[in-house]
Amino acid sequence: DETYPCIVYVQGSAWLKQNINSKLGVLSRLAEKGYVIAVVEYRHSGIAPFPAQAIDTRNAIRFMKIHADEYKADATKMFVAGDSSGGHIALLVALQERYNFKGIIDLYGVTNFMTFNNWYSKYDWHEERNVTDFLGSLDIELLMKASPMIYLKENMSLPPFLILHGDKDHVVPITQSIELYEKLKEYHYDVIFGRVHDADHGRSIFYNEDVYQTIVNFLNKNK
């Protein structure tokens, strides 16, 4: 039987309870292009603090690898993707462990808690409950441990990256994505960065036809 590349998608939610149907419109279009879509539902911060969300995502990836045949998925052709807090968790998992992903897609995710407040956001994350609920505290070591940038080193075996971020994002500053992009380029990794003009934090302007086609092109090139 024919099998298809798989996208493990982590739905953003500010680490709160996810609406796992939130991106169904975009994801269903990717399914039409020949991709199996597996949406991760993790334990949210209201019932379990970090690193529960990363652990659950790793377990979801393992599940899809073990049960790939049942879903007509090709376990050797797997992508990980996510938006906002989901992008953060996807990056964290991809950089902490070696999964041999075909690609990593980060849509306006948090990359570095240590530099988040250096740039404009409507949130001061030293005061936001969703961050303290997620992490349990704002201890510096914990903030570093939860920051994907901390795990990015030279000479890692990493797949291509696609990073997309709205240039009017008032929740996660675009500088978070720029910081990741610049470090990936410095270390000579394969990365595409797209600045989505006039787009806020994942609203309808962000998910336009150009963004959709950019994602499809990235997937098709690397599957």
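In this predicted model, Asp198 is partly exposed, with a relative accessible area of 33%. Its side chain meets that of Lys168 in a salt bridge with an N to O distance of 2.9 Å. The pair links distant parts of the chain, Lys168 lying in the loop between S5 and helix H6 (174–186) and Asp198 in the loop between S6 and H7, 30 residues apart. Lys168 is exposed, at 52% relative accessible area.

The count of salt bridges comes to nine. Among them, Lys72 and Asp1 meet at 3.5 Å, N to O. Lys72 lies in the loop between helix H2 (52–66) and S3 and Asp1 in the segment before S1, so this pair ties together parts 71 residues apart in sequence. Lys72 is partly exposed (39%), and Asp1 is exposed (89%). A salt bridge also joins Asp83 and Lys23, with the closest N and O atoms 3.5 Å apart. Asp83 belongs to strand S3 and Lys23 to the loop between S1 and H1, 60 residues apart. Asp83 is buried, with a relative accessible area of 3%, and Lys23 likewise counts as buried at 12%. Arg58, Arg62 and Glu97 are linked in a salt-bridge network.

Helix H7 (residues 209–222) reaches 20 Å from its first C-alpha to its last. At its start, a side-chain oxygen of Asn208 comes to within 3.0 Å of the backbone nitrogen of Asp210. The buried residues of H7 are Val211, Tyr212, Ile215, Val216, Phe218, Leu219 and Asn222. They cover an arc of only 160° around the axis, which puts them on the same side of H7. These residues pack against elements including strand S1 (4–10) and helix H1 (24–32). The face turned away from the buried side carries the exposed residues Asp210 and Lys221.

Definitions and conventions
Residues are numbered from 1 along each chain as its sequence is written. This is a predicted model: local features need pLDDT of at least 70, side-chain atom pairs count only at pLDDT 80 or more; totals for chains, interfaces and linings use all residues. Side-chain values use heavy atoms; hydrogens and water are left out. Helices (H or I, at least four residues) and strands (E, at least two) are DSSP runs, numbered from the N terminus. The expected span of a helix is 1.5 Å times one less than its number of residues. Buried means under 20% relative accessible area, exposed over 50%, partly exposed in between (1.4 Å probe, protein chains only). The arc is that of the directions from the helix axis to the C-beta atoms. Contact means heavy atoms within 4.5 Å. A polar contact is a pair of N or O atoms within 3.5 Å; within protein, one must be able to donate a hydrogen and the other to accept it, and residues adjacent in sequence count only if both atoms are side-chain atoms. A salt bridge is a side-chain nitrogen of Lys or Arg within 4 Å of a carboxyl oxygen of Asp or Glu.
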